[in-house]
Amino acid sequence: MSRRIHDRSNGAAKVIVVIADCTAVILGLWILFALLGANRANDLVSAVHDAALWLAGWSHDLFTMDTAWLRTVLNFGLPAVVYVLIGHFLAARVRRA
């Protein structure tokens, strides 16, 4: 494989990893904000909440425990883990290609 093609695949893999990690950070931030009782009227908290709801839309109310903190951790933590696993798996496949 030529050096130029190899560099492009490494660059694409890095982009995939960064995107996956950023999604996990956003979801993790929302979990942290929710657990600490952050002010939802704050612009940063509101933006993170909106982004987290969009990213975790497919797992909305997947878990319906009575304990609010556990429900938040599971419903937003699972998508974070899934995004990281899929992102890093895809990046490894791109690097090998």
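A pocket is an open set of points on a 1 Å grid over the protein atoms alone, where a 1.4 Å probe fits, with protein on both sides within 12 Å along at least five of seven lines; lining residues have an atom within 4 Å of a point. This is a predicted model, in which local features need pLDDT of at least 70 and side-chain atom pairs count only at pLDDT 80 or more, while totals for chains, interfaces and linings use all residues. Residues are numbered from 1 along each chain as its sequence is written, and side-chain values use heavy atoms, without hydrogens or water.

**View 1. The largest pocket and its lining.** Here 14 residues form the lining, and Leu-53, His-60, Thr-72, Asn-75 and Phe-76 lie nearest the centre. Helices H1 (3-36), H2 (43-55) and H3 each give two or more residues to this lining; helices are DSSP runs of H or I, at least four residues, numbered from the N terminus. H3 supplies the largest share, four residues. The space inside is about 240 Å³, a volume filled by probe spheres set on grid points that are joined across faces, edges and corners.

**View 2. The largest nonpolar core.** A nonpolar core is a set of buried Ala, Val, Leu, Ile, Met, Phe, Trp, Tyr and Cys residues joined through side-chain atoms within 4.5 Å. This one has 12 residues, among them Trp-30, Phe-76 and Ala-80. H1, H2 and H3 each give two or more residues to this core, and the largest share, five residues, comes from H1. Look around Trp-30 to find its contacts (heavy atoms within 4.5 Å): leaving out residues up to four places away in sequence, Trp-30 touches Val-45, Val-48 and Phe-76, among others.

**View 3. Ala-80 in helix H3.** Find Ala-80 in H3, which spans residues 68-96. Ala-80 counts as buried because its relative accessibility is 11%; buried means under 20% relative accessible area, exposed over 50% and partly exposed in between, with a 1.4 Å probe and protein chains only. Beyond residues up to four places away in sequence, Ala-80 touches Ala-24 and Leu-27. Ala-20 is 60 residues from Ala-80 in sequence, yet their C-alpha atoms are 8.4 Å apart.

**View 4. Trp-54 in helix H2.** With 70% relative accessibility, Trp-54 counts as exposed. Its C-alpha atom is separated by 10.0 Å from that of Leu-27, 27 residues away along the chain.
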